[in-house]
Amino acid sequence: MSWQAYIDSSLVGSGHIDKAAIISVAGDSVWASSAGFTIQPDEMKNLVAILTETGNAVDKAHADGIYVGGERYVVARIEGRSIYGRKGRTGICIAKTKQAIIVAHHGEAQVAGNSTQTVEALADYLIKVGY
């Protein structure tokens, strides 16, 4: 399955995510994304720093929030491989695998818990198959 197919079928196709991207674990490239969902290079590097607990990135994320696609999200929690953020009634779920980082957004009409479950299930699958 192509990276774009994971976005279109496994994430957005689930109905629990309205836009998503898969980026490299190094934070230096976007492998696939939904149309109009652009994650800037500095945003990718910041996500990598948080997920790898580089410097004070975790504390800074809790204090200042994180930016994804030009939007600021308040960090709800950071747990190991995952970051969860909220902006009003929308939010993001980010999960790191061995080689990729899944960044998924849910809209107002979608339930955060269902979105989280969808992203974490794809992350578990990718880890299982070596990614």
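The model is predicted, so local features need pLDDT of at least 70 and side-chain atom pairs count only at pLDDT 80 or more, while totals for chains, interfaces and linings use all residues. Residues are numbered from 1 along each chain as its sequence is written, and side-chain values use heavy atoms, with hydrogens and water left out.

Tyr125 is placed in helix H4 (residues 112-128); helices (H or I, at least four residues) and strands (E, at least two) are DSSP runs numbered from the N terminus. Tyr125 counts as partly exposed because its relative accessibility is 39%, where buried means under 20% relative accessible area, exposed over 50% and partly exposed in between (1.4 Å probe, protein chains only). Leu126 also has its place in helix H4, but at 0% relative accessibility Leu126 counts as buried. The C-alpha atoms of Leu126 and Met44 are separated by 19 Å, the two residues being 82 apart along the chain. Met44 is one of the buried residues of helix H2 (residues 41-51), which also include Glu43, Leu47, Val48, Ala49, Ile50 and Leu51.

Just after H2, Glu53 takes a positive phi of about 55°, although Glu53 is not a glycine. Glu53 lies in the loop between H2 and helix H3 (57-64) and is exposed, with a relative accessible area of 58%.

Two packed helices are described by the angle between their axes and the distance between the axes. The axes of helix H1 (residues 3-11) and H4 come within 11 Å and cross at roughly 140°. Axes are lines fitted to C-alpha atoms, for helices over the stretch in contact, and angles run from 0 to 180 degrees between N-to-C directions. H1 and H4 are therefore oblique to each other, since angles under 35 degrees count as roughly parallel, over 145 as roughly antiparallel, 65 to 115 as roughly perpendicular and the rest as oblique. H1 passes H4 in a right-handed crossing; a crossing is right-handed if the near helix is turned clockwise from the far one by less than a right angle, and left-handed if anticlockwise.

Five salt bridges are found in a search of the whole structure, a salt bridge being a side-chain nitrogen of Lys or Arg within 4 Å of a carboxyl oxygen of Asp or Glu. In one of them, the side chains of Lys60 and Asp64 meet at 3.1 Å, N to O. Lys60 and Asp64 are separated by about one helical turn because they are four residues apart in helix H3. Lys60 is partly exposed at 45% relative accessible area, as is Asp64 at 37%.

Lys87 forms a salt bridge with Glu71, the closest N and O atoms being 2.0 Å apart. This pair links distant parts of the chain, with Lys87 in strand S5 (residues 82-87) and Glu71 in strand S4 (residues 71-79), 16 residues apart. Glu79 forms a salt bridge with Arg77, with 2.9 Å between the closest N and O atoms. Salt bridges that share partners join Arg81, Glu120 and Asp124 into one network.
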